[in-house]
Amino acid sequence: MREIRERPQRERYVEVYASTYTDLVRFVVRRRPATDQAEDIVAEAFAVAWQRLGDLPGDPGEARAWLFGITRRLLMAQHRADHRGQALSVRIAGQVAVAGPTLEHDDLVATSVDLAKAWTRLTAMHQEALSLSVWEGLTGSQAAQVLGISAVAYRIRLSRARRLLKHHLAHPVGEPSADGRRMPASSEKGLA
């Protein structure tokens with residue numbers, strides 16, 4: 001009887017594993033400089049999921065978000081062990097290789113450099129909010145679940161992160177905005 005009940009859970013686990021594994025590896029690679037550890041961290045996340053098989057959500061999207069949350073917590077624990085007090089950082093993807101210099105390539109390089117600079121001016125909290133939405137493709141409620149906050153809190157955090165990134169792109173370090181005011185640093189209170 002127990003074996004019959006476990007079979008559907010195992011099949012669901014296998015389905016979630018097959019559909020989520022690659023996304024989780026990419027998720028880890030973007031957050032860890034040592035990419036050789038990505039598969040180990042993802043394997044550990046799936047081991048935790050196996051141990052908590054009864055908690056695996058039935059909806060595929062919710063199960064995916066649940067696994068992102070497990071993986072994120074494992075990353076945070078490892079990060080704290082390796083580098084106490086340092087924030088998580090998300091690496092920005094490389095650039096497209098184009099044969100010969102062209103105006104389009106030069107514009108792409110300039111935009112990539114501007115984005116990289118603006119990105120580093122964001123706090124780790126704002127980087128994470130943006131990356132869960134843009135790179136991981138999670139819904140607001142799924143991203144909130146990953147971060148362990150309410151959906152409303154996530155939407156506020158994402159809105160602030162977008163606003164700050166837009167501001168940082170438009171105004172390099174120390175440059176005042178159009179109305180003459182300086183935008184507060186993203187790490188100041190009130191912009192969390």
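At 26% relative accessibility, Ala151 counts as partly exposed; that class lies between buried, under 20% relative accessible area, and exposed, over 50%, with a 1.4 Å probe and protein chains only. Ala151 belongs to helix H7. Helices here are DSSP runs of H or I with at least four residues, strands are runs of E with at least two, and both are numbered from the N terminus. Leaving aside neighbours within four places in sequence, Ala151 is in contact with Ser141 and Ala144, where contact means heavy atoms within 4.5 Å. Ser141 is 10 residues from Ala151 in sequence, and their C-alpha atoms are 4.9 Å apart.

The model is predicted; local features need pLDDT of at least 70, side-chain atom pairs count only at pLDDT 80 or more, and totals for chains, interfaces and linings use all residues. Residues are numbered from 1 along each chain as its sequence is written, and side-chain values use heavy atoms, with hydrogens and water left out.

The protein contains 7 helices and 0 strands. Its elements run α-α-α-α-α-α-α from the N terminus on. Of the 192 residues, 35% are buried. The protein exposes about 11,600 Å², an area from the Shrake-Rupley method with a 1.4 Å probe; for residues, only the protein chains shown count as cover. Among contacts with a separation of 6 or more, 66% join residues 24 or more positions apart.

Helix H7 covers residues 151-170. Its 20 residues should span 28 Å at 1.5 Å a residue, and the end C-alpha atoms are 29 Å apart, which agrees. The expected span is 1.5 Å times one less than the number of residues. Buried positions in H7 are Tyr154, Arg157, Leu158, Ala161, Leu164, Leu165, His167 and His168.

Two packed helices are described by the angle between their axes and the distance between the axes. Axes are lines fitted to C-alpha atoms, for helices over the stretch in contact, and angles run from 0 to 180 degrees between N-to-C directions. Helix H6 (residues 140-147) packs on H7 at about 100°, with the axes 8 Å apart. H6 is therefore roughly perpendicular to H7, a label for angles of 65 to 115 degrees; under 35 counts as roughly parallel, over 145 as roughly antiparallel and the rest as oblique. H6 contributes Gly140, Ser141, Ala143, Ala144 and Leu147 to the contact, and H7 contributes Ala151, Tyr154 and Arg157. By class, this contact has 5 nonpolar, 2 polar and 1 charged residues. Nonpolar covers Ala, Val, Leu, Ile, Met, Phe, Trp, Tyr, Cys and Pro; charged covers Asp, Glu, Lys and Arg; the others, Gly among them, are polar.

Within H6, Gln142, Ala143, Ala144, Val146 and Leu147 are buried. Ala143 has a relative accessible area of 0%. Beyond four places in sequence, Ala143 is in contact with Leu132, Leu138 and Tyr154. The C-alpha atom of Ala143 is also 8.4 Å from that of Gly69, 74 residues away along the chain. Just after H6, Gly148 takes a positive phi of about 75°.

Helix H5 (residues 124-134) also packs on H7. The axes of H5 and H7 come within 9 Å and cross at roughly 100°. H5 is therefore roughly perpendicular to H7. On the H5 side, the contact involves Met125, His126, Ala129, Leu130, Leu132 and Ser133. Facing them in H7 are Tyr154, Arg157, Leu158, Arg160, Ala161, Arg162, Leu164 and Leu165. This contact has 9 nonpolar, 2 polar and 3 charged residues. In H5, 8 of the 11 residues are buried, so the helix is largely enclosed by the rest of the structure. The buried residues are His126, Gln127, Glu128, Ala129, Leu130, Ser131, Leu132 and Ser133.

Arg64 is buried, with a relative accessible area of 18%. Not counting residues up to four places away in sequence, Arg64 touches Thr20, Asp23, Glu136, Gly137 and Leu138. Asp55 is partly exposed, at a relative accessible area of 45%. Asp55 and Trp66 are 11 residues apart in sequence, with 9.2 Å between their C-alpha atoms.
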